[in-house]
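Student: Can you walk me through this one? I'd like to start with the sheet.

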Amino acid sequence: MNITTLSDTFTLNNGVRIPAIGLGTWQSKDGREATSAVRAALEAGYRHIDTADAYENEESVGRAVREFGQRDDIFLTTKLWNEDHGYDATLKAFERSRKKLDTDYVDLYLMHWPCGFDFMDTWRAFEKLAGDGKVRALGVSNFLRPHMEKLLAEAEIKPVLDQVETHPWLTQPDLHAYLAAQDIKTESWSPLMQGKFSDISELKTLAEKYDKHPAQILVRWNLQHGYIVIPKSTDAAHIKTNAAVFDFELTDAEIATIDGLDKGERLGPDPAEFMKDKP
Ligand code: NDP
């Protein structure tokens, strides 16, 4: 693995580089909580922040990024929410997000959920935003293979990544292998199992072996699989811990042990069932 520091990047299929570890911000409350989490991450050396219109914290994220400075060194992702699908609605929603983030451009714009298969007008608007230089890379989230097959058949610009739920209870090897074969990166959401890792004895054993925290074992498992990983925390100490993963390496057998914890269990909605009319 050639990711050896917090600022190291994966190169996406359009040549844009994305720092392998980013800060997740879902459920980071707008205002002081989100702003100080992002500030703590940037001060700790993170250069990648993941937010979304639906997280209702874009202004706070944007404020922390602006105050930190060095905008061009920071990789900022936001996402289009489900009620804004469609060509015109997408362009409008993007502009709203961009203003809240107080930035001239967004590094990565993601379609948050496919909401069925009627997403090509939305993607055309994404392509327009890329063509206008407002977004450096286009991607999707929660796309299963059938969604991706449709998109790849009809898109002019290929997505650079698919942000999907990925952790030891939901390893989705077939989906990840398919994405890799298409040169589309996996970006793991809920990589820390939303904090539900404490009782997993295999993770505890590995944490003891390496004198690490189970959260660090999870981040490392993602990186060694080649996935971009966006652990969320609002706690400055956790934020530091989650990125302190470059002084140990899991063996292939240990990776396989964690892979073996898979039980196909989702912590979030199933993209196959999550449609436009659902909240
Ligand atoms: P994570 O799996 O990252 O887990 C976050 C939880 O783990 C929080 O409760 C956090 O608490 C706790 N935690 C973090 N670090 C530590 C630590 N070192 N020790 C103990 N507890 C810790 O959850 P998310 O669901 O938030 O996923 C990560 C990100 O992925 C999101 O924030 C969001 O950006 C993205 N996401 C995208 C989705 C999509 O549909 N595209 C869906 C869901 C998430 P604390 O804050 O107190 O540290």
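Tutor: One definition before we start: two strands pair if DSSP finds at least two bridges between them. Strands are DSSP runs of E, at least two residues long, and helices are runs of H or I, at least four, numbered from the N terminus. This is a predicted model, where local features need pLDDT of at least 70, side-chain atom pairs count only at pLDDT 80 or more, and totals for chains, interfaces and linings use all residues. Residues are numbered from 1 along each chain as its sequence is written, and side-chain values use heavy atoms, with hydrogens and water left out.

Student: OK. Which residue in β6 is the bridge partner of T78?

Tutor: Y109. Strands β5 and β6 (residues 106-111) run parallel, joined by four bridges.

Student: What is the order of the strands in the open sheet?

Tutor: The order is β3-β4-β5-β6-β7-β8-β9-β10, eight strands with parallel pairing. At the edges sit β3 (23-24) and β10 (228-229), each pairing on one side only.

Student: Switching to helices. At what angle do α3 and α4 pack?

Tutor: About 45 degrees, with the axes 7 Å apart. Here α3 spans residues 87-101 and α4 spans residues 120-131. Axes are lines fitted to C-alpha atoms, for helices over the stretch in contact, and angles run from 0 to 180 degrees between N-to-C directions.

Student: What do we call that orientation of α3 and α4?

Tutor: The two helices are therefore oblique to each other. Under 35 degrees counts as roughly parallel, over 145 as roughly antiparallel, 65 to 115 as roughly perpendicular, and the rest as oblique.

Student: Which residues make the contact?

Tutor: From α3, Y87, T90, L91 and F94; from α4, D121, T122, R124, A125, F126, K128 and L129. Contact means heavy atoms within 4.5 Å.

Student: Is Q172 buried or exposed?

Tutor: Buried, because its relative accessibility is 15%. Q70 counts as partly exposed, at 44%. Buried means under 20% relative accessible area, exposed over 50%, partly exposed in between (1.4 Å probe, protein chains only).

Student: Last one. What does A40 contact, leaving aside neighbours within four places in sequence?

Tutor: A236 and I239. A40 lies in helix α1 (residues 32-44), and at 17% relative accessibility A40 counts as buried.
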